[in-house]
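Subject: Structure handover

Hello,

Here is the structure for your files. My notes follow below it.

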Amino acid sequence: MSEISLVSIDLAKRVFQVEAVDAAGKRLWERRVTREELVKLIGGLAPTVIAMEACASAHHWGRLFAAMGHEIRLLPPPAVARLVDRRKKNDRNDTRAIRKAASDEDVRPVPLKDAESQAEQFEHRVREQWIHHRTATINQLRAMLAEFGIVLPRGAGVLLKRRAGLLAEPRLAGMARLRRLLEAQFDLLERLDEMVAEADRRLRALARTAPTPRRLTSIPGVGPVISTAMAAAVPDAGAFANGRAFAASLGLVPSQHSSGQTVRLGPITKRGSRYLRTNLVHGARSLLARIKRSKTQPTDGLLVWAKGLLARMHWNNAVVALANKLARIVWALMANGGLYRPRPA
């Protein structure tokens, strides 16, 4: 019997589809197994390549199979989805799409994360969820009050500062039911605000103590959120050939619609991690605003270059260009070590 070269697994909660192929891509066998059977099956194989889609539980299985001596290849979901005929979607076809994506040299695998890196990533994901809940609560409170003619100025802290006055507002007198709902929403908003503040404190502490985030915060425009998120999401910067490839993986490069000698560049691709891309854009926007407000001429080459962007392109284009530059600098520090050092213009 031919030697197994690749095993592709369609992950699920209870029942998994598994397929094995040889070096020529010929299918040797395929099986449908339970969780317990999957561990025994993979544990009984000689070391080989295990390919899985990078979805929920993929890193758990990857760490487990890596400990058995196998090489793990986690594949980005879009690379697998494009190979599945949506009219014939089933577990067998999903497994075959995973096998095809694993054999495509143009598909960059997702780095396998250790348990600590995943815990750090969840710190960011949970914080982001709390922020979304807080924003939704603020918007609902404003809408409820607006229905009774109470319109407030902008600002996240306005509601909490005016809580007592709003609950005592004469226009809400005699409406006990509404008052109970408002009090409940104010309590929720206060709790969410405390939770987000506590998460921010933990990230700041991590940025001060962890080696990689501490180095990344030396970059202008990169704070605790970006530095800790990058360290958690990219355990091995060496997986990217250079900073250009890293920026492209975050979707911070123009899309292309080119043919022959005609080159057409469009909006950025927005591929990869939306969270990392969004925070890099926020960091770039904050840095550009600070440069624009400053009355002194910058001396650091990065800041001089960023200021020059404002003179020749639209604000939003300048923000994205600077975010791309920050991503490249982040990669350089993660891949090569050291701190960011300002350079003369």
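Predicted model: local features only at pLDDT ≥ 70, side-chain atom pairs only at ≥ 80, totals over all residues.

L145 itself is part of helix α5, which covers residues 115–146. The residue is buried, because its relative accessible area is 1%, where buried means under 20%. As for L167, 22 residues separate L145 from L167 in sequence, and their C-alpha atoms are 10 Å apart in space.

The sheet

An open sheet is formed by five strands, ordered β3-β2-β1-β4-β5, with mixed pairing. The edge positions are taken by β3 (27–34) and β5 (71–75); each has a single partner strand, so one side of each has no neighbour in the sheet. From one strand to the next, the twist averages 20 degrees.

Strand β2 (residues 15–21) and β3 run antiparallel and are joined by seven bridges. Within this pair, Q17 has R32 in β3 as its bridge partner.

Two helices to look at here are α1 and α2. Helix α1 (residues 35–43) packs on the sheet and touches β1 (6–10), β2, β3 and β4 (49–53). The direction of α1 makes about 145 degrees with that of β3. Helix α2 (residues 58–67) also packs on the sheet, where it touches β1, β2, β4 and β5. For α2, the angle between its direction and that of β4 is about 175 degrees.

The chain as a whole

In total, the protein chain has 14 helices and seven strands. Its C-alpha atoms fill a box of roughly 85 × 60 × 45 Å along the principal axes. The chain has 345 residues, and 41% of them count as buried. Of the contacts between residues at least 6 apart in sequence, 55% join residues at least 24 apart.

The accessible surface of the protein chain is about 19500 Å², and carbon and sulfur atoms account for 52% of it. On charge, there are 57 positive and 31 negative side chains. The centres of these two sets lie 8 Å apart.

Regards

Methods
Residues numbered from 1 in each chain as written. Heavy atoms only, no water. Helix = DSSP H or I, 4+ residues; strand = E, 2+ residues; numbered from the N terminus. Buried < 20%, exposed > 50% of the residue type's maximum accessible area, 1.4 Å probe, protein only. Contact = heavy atoms within 4.5 Å. Areas by Shrake-Rupley, 256 points an atom, 1.4 Å probe, with all protein chains shown as cover. Lys, Arg positive; Asp, Glu negative; His and termini not counted. Charge placed at Lys NZ, Arg CZ, Asp CG, Glu CD. Pairing = 2+ DSSP bridges. Axes fitted to C-alpha atoms, helices over the stretch in contact; angles between N-to-C directions.
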